[in-house]
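Dear colleague,

I am passing on the structure that we spoke about, together with some notes on it. Could you please have it open while you read?

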Amino acid sequence: MTGRYPVIVRPVTERQSVTAKDILAILVSLCALGFTVAAFWWNNWRRGKLSVDIPRSYSAYQSRARFLLMLPIAISNDGPIPITVSALRLRMTLSDDQEAVIPYVKWRPELQPSAKNEPQFATNFVVKARDVTLMYCEFHRTEVMPLRVGHNAVKVEALITSRALWESI
């Protein structure tokens with residue numbers, strides 16, 4: 001024979017019943033399909049979560065007219081797609097249990113201000129997929145803030161472009 005194989009077709013003479021093996025085979029294949037789709041979504045499509053590491057240093061200035069705080073903020077994205085951040089702000093608990101919102105207005109390439117280290121205006125920025133973005137952010141407030149001596153509770157909030165709402169990160 002030159003590449004042809006005989007095919008034997010037999011007519012069905014009696015009705016075949018579905019066995020437990022047949023049902024189990026279909027169930028296993030559906031579970032494998034579900035796992036494959038879920039794993040593909042998890043690795044390629046899901047939106048990640050932003051998180052901020054606690055800064056170990058900072059620079060602050062307060063006068064009667066304004067408050068300035070510069071923080072090195074490392075923002076990490078644990079998801080497989082990039083996330084665009086429109087703005088940042090700090091929510092700080094004051095000495096009388098009130099909260100103050102301090103907006104992000106500038107960033108610098110380094111924490112220490114110098115002549116070569118010119119501040120840049122706050123703009124949208126992207127945190128790449130499964131990556132960390134380090135920024136030295138300046139937060140300004142034009143009102144007097146009664147700070148406590150010692151530790152002050154501060155939350156970093158981000159305005160995510162695709163969600164259009166502030167999230168604590």
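Below are notes on the strands, the salt bridges, the aromatic rings and one surface patch.

Please keep in mind that this is a predicted model, in which local features need pLDDT of at least 70 and side-chain atom pairs count only at pLDDT 80 or more, while totals for chains, interfaces and linings use all residues. Residues are numbered from 1 along each chain as its sequence is written, and side-chain values use heavy atoms, with hydrogens and water left out.

I begin with strand β4, which covers residues 83-93. Of the 11 residues of β4, 8 are buried, so the strand is largely enclosed by the rest of the structure; buried means under 20% relative accessible area, exposed means over 50%, and partly exposed lies in between, with a 1.4 Å probe and protein chains only. Two strands are taken to pair if DSSP finds at least two bridges between them. On that basis β4 pairs with strand β9 (residues 154-160) in the antiparallel sense over 7 bridges, and alanine 87 stands opposite leucine 159 in β9. An antiparallel pairing over 3 bridges connects β4 with strand β7 (residues 125-127), where valine 85 faces phenylalanine 125. Strands β4 and β5 also run antiparallel and are joined by 5 bridges, with arginine 91 opposite valine 101 in β5.

Next come the salt bridges. Side chains of opposite charge can pair when their charged atoms come close. A salt bridge is counted when a side-chain nitrogen of Lys or Arg lies within 4 Å of a carboxyl oxygen of Asp or Glu, and by this rule the count comes to 6. One of them is between arginine 89 and glutamate 157, at 2.6 Å from N to O; arginine 89 lies in β4 and glutamate 157 in β9, so this pair ties together parts that are 68 residues apart in sequence. Both arginine 89 and glutamate 157 are buried, the latter with 9% relative accessibility. Glutamate 157 also meets arginine 91 in a salt bridge, at 3.0 Å from N to O, and this pair again links strand β4 to strand β9, across 66 residues. A further salt bridge joins arginine 108 and glutamate 138, whose closest N and O atoms are 2.6 Å apart; arginine 108 is in strand β5 and glutamate 138 in strand β8, 30 residues apart, and both residues are buried. Through shared partners, salt bridges join Arg89, Arg91, Glu99 and Glu157 into one network.

The aromatic rings form the next topic. Rings of Phe, Tyr and Trp (its six-membered ring) pair if their centres lie within 6.5 Å, and planes under 30 degrees apart count as stacked, over 60 as edge-to-face and the rest as tilted. A search of the whole structure finds 3 such pairs. In one of them, the rings of phenylalanine 40 and tryptophan 45 have centres 5.1 Å apart and planes at 85°, so the pair is edge-to-face. Phenylalanine 40 is partly exposed, with a relative accessible area of 43%, and tryptophan 45 is exposed, at 57%. In another, the rings of tyrosine 104 and phenylalanine 139 have centres 6.1 Å apart and planes at 50°, so that pair is tilted. Tyrosine 104 is in strand β5 (residues 99-108) and phenylalanine 139 in strand β8 (residues 131-141), 35 residues apart. Tyrosine 104 counts as buried at 7% relative accessibility, and phenylalanine 139 is buried at 0%.

The charged end of arginine 89 is 4.0 Å from the centre of the tryptophan 166 ring, and that of arginine 46 is 3.9 Å from the centre of the tryptophan 42 ring. Tryptophan 42 belongs to helix α1 and is partly exposed, with a relative accessible area of 47%.

With kind regards

Notes:
Helix = DSSP H or I, 4+ residues; strand = E, 2+ residues; numbered from the N terminus. Lys NZ or Arg CZ within 6 Å of the ring centre and 35° of its normal.
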